[in-house]
Every structure is written in C-alpha cells, then in structure tokens.
Amino acid sequence: MRPEYSLILLTVLAGAGQGLFLFLATGDMAGFSKGSRLPPMTTLTGLGVALALTLAGMAASFFPLTHKARGVKAINKWRHSWLSREVILLPVFVGGMVFYGLLYFIGVHPAIIQATGVAGIFVVLALFISTAMIYGHLTIIREWGTAYTPANFTLTGMITGWASGAAVYQMGLAPVGATLFNLRLFFLLAVAGLIVKLLYYHRNSRLYSPTTIQTALGIGHRKIRLMDTGSAYPTYNTEEYHYTALKEKRGILKVASIILLYILPMAGLAWDYMALFSGGEGCLAPVAAISAMGGAFIERWVFFVEGNHAQNLYYGNFPVEARPNPILQSGKKDAPLPPA
Amino acid sequence: MTQQFALVIDLNTCVGCHACGAICKSWNTSGQFGPLTDHNPYGKDVTGVWFNRIQTYEVGEYPNVEVVHFPKSCMHCVDAPCVPVCPTNATYKREEDGIVLVNYNDCIGCKYCSWACPYGCREFDHYDGVMKKCTLCVDRIYDETLPEEERIPACVLACPAKARSFGDINDPESDVSRAIRDKMGHKLMPETGANPANHYLPRRKTHVALDLDQVTVKKQKAIIVTRKSAKEGETLIEDFGIGG
C-alpha cells in the first residue's frame with residue numbers, strides 16, 4: 001500500500017501522546033502510593049507535551065482530508081466503523097486530558113485525580129484499539145488483518161510515550177520512587193513490544209493468501225499471466241495499492257526500527273535506571289525518547305508499505321512468489337509457481 | 001425478497017473491445033453524478049477516474065492457451081465491505097435494489113472504502129476530492145423518458161458482443177438468474193465474504209458428440225447474391241459458396 005504520511009504522523013504522534021498520558025497517570029498513582037507526591041509542574045509539563053503531540057497528530061491527519069468541513073460527519077457510523085470510533089475518541093481523549101490537567105492545576109483531592117486518571121486510561125486503551133483496528137480488521141490486506149496490529153500499535157504508543165515521559169520526569173526532577181517504578185514498566189513494555197514485533201514479522205514472512213489470481217478471476221487454471229492492465233499509464237489501482245520505493249532496503253529499515261524503537265531506548269533507560277538506583281542522576285532519557293520516536297516512524301512506514309491489497313492480483317502486483325499456498329505445495333516441492 | 005440488481009458478464013463472449021469502459025466514462029461523465037475527471041488528459045502521464053476497467057489475461061501455456069478479457073466494475077456486493085467502514089455514511093447500499101452508491105455530499109475523502117473493497121473497484125477523484133464508483137447507471141435504469149429497452153446500464157447497451165446482461169439476481173426467473181444457473185456463473189473472490197452480486201460466466205467449449213457414420217454431408221451449390229445497389233447492366237457477384 002502507498003504510505004499515507006498523514007496517517008503515519010497521526011498514529012505515531014497521537015500514539016506517543018496517549019502513551020505519555022498513560023505514563024503520567026500511572027506514575028502519579030505510583031507516586032501517591034509511595035506517599036511522595038510528584039511536583040505538579042512535572043505532571044503538567046508532561047500533559048502539555050502529550051497534548052501537543054496528540055494535537056500535532058490530529059492536525060496531520062486532518063489537513064490531507066479533501067473535505068475538512070464535513071469531518072464532523074465522521075462520527076455518524078460509530079456502530080460499524082472503527083474510523084468513526086477513532087474520530088469520536090480522539091476529542092474525548094484530548095478533552096479528558098485537559099480536564100485532568102485542570103484538576104491537577106486546581107489541586108483537588110488526589111482520589112478525584114486518580115479516578116479521572118483511571119477513566120482516562122480506559123479511553124486511551126479504547127483509542128489505541130480503535131486506531132489499530134482501522135487496519136487490523138481489513139483481512140483482505142493479510143499483513144494488517146491480525147491481532148498483532150492492535151497489540152503492536154498499543155505497545156509502540158506506550159513505548160514512545162514512556163520514553164518521552166521518562167525525559168519529562170528527568171527534567172522535572174520527579175521523585176526517584178515514581179521514576180524507578182515507571183522505568184521498570186518501560187522494560188516490560190519494550191520487551192513485550194519487541195516480542196510482538198518479531199512475532200508479527202515472523203507471521204508475515206510465512207504468510208499465504210487464500211485469495212489467488214485463480215479465485216480473483218474465477219478461472220481454475222494454474223497458469224494465468226497478465227497481458228494488459230487496460231491502461232497505458234498508472235491508475236488509482238496501480239498507485240494506491242502498490243508501492244515499490246525502497247523495496248530492497250525494507251529489511252534494513254526493519255532492523256533499524258527495532259534498534260531505534262526497542263534496543264537503544266532500553267539501553268539508555270537501563271543506564272539511567274542504574275544511575276538513579278545508585279543515587280545519581282540519569283541523562284539519557286531524552287535521547288531514548290527521540291530514538292523511540294524515530295524508530296516508531298520507520299516501523300509505521302514499513303507497516304504501511306508492506307500491506308498487500310488483494311486487488312493487486314488483477315494488476316500482477318501481488319507477490320505470488322513470496323506466498324506459496326501450503327495446501328497447493330504439499331508433496332510437490334518442485335512444482336512451479338504461477339508467474340507473478 | 002428485495003431486488004438485487006447486478007451485471008452478469010460472459011467471459012466466453014467478451015472480445016475485450018473496451019466499449020463498456022468507454023461508454024461508461026462517456027455516460028457518467030455527462031450524467032447526473034458529475035464528471036469523472038481526467039488529469040493531464042492530452043499529455044504524457046494521463047490518469048483519471050474510470051468505473052469500468054478491462055484487463056486481459058493469458059490462461060494456459062502455449063500452444064494450449066486462451067486469452068481472457070476481464071471487464072471489472074463495482075460488484076454491488078450483498079455484504080459490501082465498503083459500506084460499514086465509511087465513517088460518514090456516505091457509502092450506502094440501497095434497500096430497494098441493492099445498488100451501492102456514494103453520497104458525494106458526505107464523502108470526506110479518507111479513502112477507507114477503497115482499502116476495504118477487495119476488487120479495487122472504487123476510484124478517488126482528486127479533483128472533486130471524493131470517492132467515485134459504478135452506480136449501475138441508476139440514472140438510466142429508472143429514467144422513464146428513455147425507451148423501455150434502453151433502461152439498462154450504458155455498458156450493457158453498448159456491448160457489441162452481448163457479453164453483458166443486467167437484471168435482478170434475486171428473481172429466479174430473470175434472464176440473469178437463468179444465465180447464472182445454466183452457464184455456471186460464479187462470483188469473484190468468494191473467500192472474502194463480500195458476496196458480490198455481479199457474476200461471471202466462464203469460458204465454455206461446446207463439442208457435439210456425433211458418430212461420423214450418422215452424418216451425411218450434403219454438397220451445397222454456390223449462392224449468388226446480386227446487390228440491389230448495383231447499377232443497371234452491371235452485376236455484382238459475391239460468392240458465399242460452400243464447396244462450389
């Protein structure tokens with residue numbers, strides 16, 4: 001699929017904003033439970049950063065829409081469309097975050113703040129799921145239509161949010177207890193995210209599609225070759241669903257995204273954790289945050305361009321050679337595959 | 001049971017002349033749904049919106065090979081995957097006749113429906129900023145100012161090989177239902193669950209099983225045809241003779 005840069009920006013930036021909110025809400029609770037309240041300015045700064053990230057993502061997704069004034073109509077189909085649910089939940093999340101910040105600013109009873117935080121956590125998780133299921137329920141794009149997609153979107157958003165939050169805590173001089181608690185959570189998230197990502201790539205490397213050129217045309221012959229696309233020039237069908245840029249280098253990009261998104265932030269924050277644990281001060285959290293964001297952008301770009309839409313079969317753009325059907329192939333290892 | 005209008009396309013007859021695509025563009029670009037815009041129409045990288053595209057495939061291996069022309073437009077699926085994903089309700093399926101349409105006044109141009117369509121039968125119009133698709137010529141089939149035999153989609157009317165037919169597939173006695181039954185009509189990508197309404201009739205070969213002993217070959221005489229347009233005194237002869 002052609003990568004829609006507005007959607008990459010939305011999912012990464014708003015995802016980081018949501019993750020940062022989760023970080024602040026849980027960090028706040030950890031601080032309370034340990035009896036050492038966070039400096040309000042730390043949480044407020046963090047909320048400001050989360051708000052800026054989310055609004056930037058929303059703006060990026062909004063500008064490419066051809067009819068922006070009709071955007072409000074996108075709440076109509078919340079019963080059926082994941083996109084509609086996302087459109088509803090994003091403003092709810094932003095409004096809730098502002099409300100949470102106001103409560104913090106006014107300084108109401110901590111129990112009220114915590115209750116609002118818990119409600120916010122549920123909204124954030126629902127928003128993660130809604131965003132990811134826009135792609136996750138499209139089973140005709142086999143690479144996207146899997147439970148790994150919502151798991152990956154949620155964990156990536158949380159990792160980028162946690163890394164940004166660690167940076168905010170470091171600069172806001174949060175109590176060591178809350179920071180250590182959240183750093184421990186970060187390692188859990190990063191390991192889980194890495195495992196999900198590797199399983200996702202493993203799944204896609206051995207993916208086969210029940211939809212073949214034979215079922216697409218309804219012709220049962222094994223040898224079917226495209227002779228003419230019916231158009232001398234690229235069309236919407238050949239440009240929107242098929243993207244060949246950097247095709248050879250996608251493996252390197254995957255490795256780069258894994259290093260930037262998981263390995264480097266884990267290493268940087270482990271260094272900080274050790275420093276904090278031994279009574280010193282960490283300094284690598286901002287680097288970890290920037291690295292995680294960069295990795296998330298690359299990861300999301302690869303996610304979009306790796307999607308193969310079933311309609312590519314009609315235009316000879318479906319990677320047949322990478323998708324042998326195990327049922328067809330059983331017992332006939334040397335049987336020639338239909339040409340792409 | 002309500003109606004479900006659909007096209008039935010006979011791959012055995014289609015000659016790949018692209019007349020259905022051309023007439024579709026012609027009718028719809030001047031019809032009620034506004035133009036199907038072209039970009040750079042007389043330049044090098046011409047591109048534009050088409051509702052009906054025709055691909056050509058080679059099936060088999062030389063020398064046992066056949067060329068299949070494959071016209072493809074919106075399938076007007078019974079369980080259309082493009083309809084539930086549309087966030088604004090711009091894409092909808094009409095209850096009375098099963099035609100899937102786009103309300104251009106509600107479309108925000110998010111392209112989500114084109115991702116959900118397994119057949120790639122929706123095209124984004126960059127000029128109007130909305131998604132466009134085959135309307136099954138809804139502005140023709142109910143138009144009472146047209147003669148009754150012309151109240152069918154433009155592509156069906158234009159097909160010189162009569163490879164396309166239009167009708168209600170929910171009516172078991174309609175021509176299209178009979179054709180699907182009799183000629184083993186099939187759907188495309190049945191595994192996606194979209195349940196498309198449009199059907200395709202497969203390639204067929206008719207072999208007459210006759211014993212040569214039972215056949216008597218009668219030698220025919222030449223048939224001489226004189227054209228009426230020939231001038232007086234001049235005889236134009238065309239020989240359609242079989243075997244002299």
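The following legends describe close-up views of a predicted model.

In this predicted model, local features require pLDDT of at least 70 and side-chain atom pairs count only at pLDDT 80 or more, whereas totals for chains, interfaces and linings use all residues. Residues are numbered from 1 along each chain as its sequence is written, and chains are lettered from A and ligands numbered from 1 in the order in which they are written.

**View 1. Helix α2 of chain A.** Helix α2(A) covers residues 40-62; helices (H or I, at least four residues) and strands (E, at least two) are DSSP runs numbered from the N terminus. The end C-alpha atoms of α2(A) are 32 Å apart, which agrees with the 33 Å that its 23 residues should span at 1.5 Å a residue, the expected span being 1.5 Å times one less than the number of residues. Buried positions in α2(A) include Thr42(A), Gly46(A), Val49(A), Leu53(A), Gly57(A) and Ser61(A). A residue is buried if 20 or more other C-beta atoms lie within 10 Å of its own, exposed if 12 or fewer, and partly exposed in between, with C-beta atoms placed from the backbone.

**View 2. Packing of α2(A) against α3(A).** The axes of α2(A) and α3(A) (residues 82-106) come within 10 Å and cross at roughly 160 degrees; axes are lines fitted to C-alpha atoms, for helices over the stretch in contact, and angles run from 0 to 180 degrees between N-to-C directions. The crossing angle therefore makes the two helices roughly antiparallel, a term for angles over 145 degrees. Among the residues that meet are Leu44(A), Leu47(A) and Leu51(A) in α2(A), and Phe93(A), Met97(A) and Tyr104(A) in α3(A). Two residues are in contact if their C-beta atoms, placed from the backbone, lie within 7 Å. This helix contact has 14 nonpolar, three polar and no charged residues; Ala, Val, Leu, Ile, Met, Phe, Trp, Tyr, Cys and Pro count as nonpolar, Asp, Glu, Lys and Arg as charged, and the others, Gly among them, as polar.

**View 3. Ile195(A) in helix α6(A).** Ile195(A) is found in helix α6 of chain A, residues 176-205. With 13 C-beta neighbours inside 10 Å, Ile195(A) counts as partly exposed. Its C-alpha atom is separated by 9.7 Å from that of Asn152(A), 43 residues apart along the chain.

**View 4. The side of chain B that touches chain A.** Here 46 residues of chain B are in contact with 44 residues of chain A. Strand β4(B) provides the largest share of this side of chain B, nine residues. By class, the side comprises 26 nonpolar, 12 polar and eight charged residues.

Technical notes:
Parallel < 35°, antiparallel > 145°, perpendicular 65-115°, else oblique.
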